[in-house]
Amino acid sequence: MELSSLKFYNVIVLGFAFMLMFTGFQTCGMVEQTVLKSYRNDSIVNGTVTYNGDGYTSLAIIYVVFAFANWLAPSVVSVLGNKFSMVAGGITYTLYLSSFIKPITATLYIGSVLIGFGAAVLWTAQGSFLTLNSSEETMGRNSGIFWAMLQCSLLIGNIYVFFAWQGVDTIHDKQRIPLYIGLTSVCALGTALLLILRSHPIQKLEVGDPEEDQPSEEEEETSDEAAMLNDSLDVTHRLFNRTLTSTVESWKLFLTRDMMILSITFFYTGLELTFFSGVYSTCVGATERFGEDSDKLVGLTGIMIGVGEILGGALFGIFGKKTIRYGRDPIVLMGGAIHMVTFLLIFLNIPDLAPLNKTPDSAYITPNTYLAVACGFLLGFADACFNTQCYSIIGTSYPDNSAPAFALFKFEQSLAAAIGFAYSSHLVLKWQLLILVIFAVAGVVAFFVVERKVRSRAEPSGS
């Protein structure tokens, strides 16, 4: 197989594997708060609540651990290699989903810590693997294709929720158990699919076992018993050096001017991730003015978020070369503008108390089902605008340092998501939207500054 064909094969397999894994996790995130609130009500025995797990708290723990584990993730990836790092991360996702089949407060939070670390390893390896299988010309296309395939995960589970939960007010065992058995199985299948990813010569030199760490043939021929006795010590020493080097490189990269400016954009993607993946669907389900099927609308909203994500990823994948030619900043500007309009529509349509509890209140207009679903689509499309271009600018700006760069991206994004989930259970809707508006403006401006600098550096070499 030609190298270009092999790389494209890897991108497609990677997309399918993540689509299956995140069919489990993204669907879980959309309905988690609704499911656990219902289970808490069912767990009351003699007036005492026997289950105290909270969806927002679980997600906050995940993203806190995810954020700080990103500093260690490049070291793990350098030891295990990209493929097996992703497999290890996928296993933690599968274990987390299985804990919802029979919810226990302790396993929910232990699983949250476990998946937080697994997510850091998974996404660092994914970013590095995608970069190794892309060139400057194909990075925009490949990131768009991967993103579109990944976000198909929002359709599969949410279609099931939409049809299975029609006319359901409270989520009982007969709704929860089949859903989570299915999500766990699909996630496990996606993890197994990662095993058929294929390496190529470039990866063998750059990932897992660096060439300089390998003994030469002459060294092997001259090795003696003393060297064999010290072998385990040498391996430990190399692993320690590799871990230390990866951490130092990540810190140095974080302190560069461009990365610190981009961190503002990365931080915003984490805040809006919190909103579209957990808060907005909860708000829709909690708005009683939508009628008896308000919980069913959680699934429909998730489907439309997925449609927006897929359309955005496919669009930017197809026109990836034009994106590189004309710059990434117009796409980010479009995403920021769409977000602003969407936040205004949500402010008008969804009652202020919806993030906190079910409410019979209206907002500034009578809650409109079609508008709520349309806002889901817009949230998904705008998120694709930001994330595909963040992937593209990292892949083209840091091709030789991709693992630390993607780890920093995920550190900023997950730290923001953790903060977002922490305040989501305390702030009413208008304050959450105000925070998003402020960071949206800052994120767009920050991206413009770095993108213009990247393009100015590229122009002399291209002329």
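**Salt bridges, rings and cavities**

Trainee: How many salt bridges does a search of the whole structure find?
Mentor: The search finds 5 salt bridges, a salt bridge being a side-chain nitrogen of Lys or Arg within 4 Å of a carboxyl oxygen of Asp or Glu. Please note that this is a predicted model, in which local features need pLDDT of at least 70 and side-chain atom pairs count only at pLDDT 80 or more, while totals for chains, interfaces and linings use all residues. Residues are numbered from 1 along each chain as its sequence is written, and side-chain values use heavy atoms, with hydrogens and water left out.

Trainee: Which side chain forms a salt bridge with Glu451?
Mentor: Arg328 does, and the closest N and O atoms are 2.9 Å apart. Glu451 belongs to helix H19 (residues 429-462) and Arg328 to the loop between helix H15 (320-326) and helix H16 (329-349), so the pair ties together parts that are 123 residues apart in sequence. Helices here are DSSP runs (H or I, at least four residues) and strands likewise (E, at least two), numbered from the N terminus.

Trainee: Are Glu451 and Arg328 buried or exposed?
Mentor: Both are buried. Buried means under 20% relative accessible area, exposed over 50%, and partly exposed in between (1.4 Å probe, protein chains only).

Trainee: And what does Asp329 meet in a salt bridge?
Mentor: Its partner is Arg452, at 2.6 Å from N to O. Asp329 is in helix H16 and Arg452 in helix H19, so this pair also ties together parts 123 residues apart in sequence. Asp329 is buried, with a relative accessible area of 2%, whereas Arg452 counts as partly exposed at 47%.

Trainee: Changing topic: how many aromatic pairs does the structure hold?
Mentor: There are 24 aromatic pairs. Rings of Phe, Tyr and Trp (its six-membered ring) pair if their centres lie within 6.5 Å; planes under 30 degrees apart count as stacked, over 60 as edge-to-face and the rest as tilted. In Phe100 and Tyr180 the ring centres are 4.8 Å apart and the planes are at 10 degrees, so the pair is stacked.

Trainee: Where do Phe100 and Tyr180 lie?
Mentor: Phe100 is in the loop between helix H4 (82-98) and helix H5 (105-132), and Tyr180 is in helix H8 (residues 173-193), so the pair ties together parts that are 80 residues apart in sequence. Phe100 counts as buried at 1% relative accessibility, and Tyr180 does at 0%.

Trainee: What sits over the ring of Trp123?
Mentor: The charged end of Lys410 does, 4.2 Å from the ring centre. The criterion is NZ of Lys or CZ of Arg within 6 Å of the ring centre and within 35 degrees of the ring normal.

Trainee: Which residues lie nearest the centre of the largest cavity?
Mentor: They are Phe22, Phe25, Gln26, Tyr63 and Leu273, out of 24 lining residues. On a 1 Å grid over the protein atoms alone, a cavity is a set of points where a 1.4 Å probe fits but cannot get out, and lining residues have an atom within 4 Å of a point.

Trainee: Which helix gives the most to that lining?
Mentor: H1 does, with 5 residues.

Definitions and conventions: 1 Å grid on protein atoms, 1.4 Å probe; cavity = no way out; pocket = protein on both sides within 12 Å on 5 of 7 lines; lining within 4 Å.
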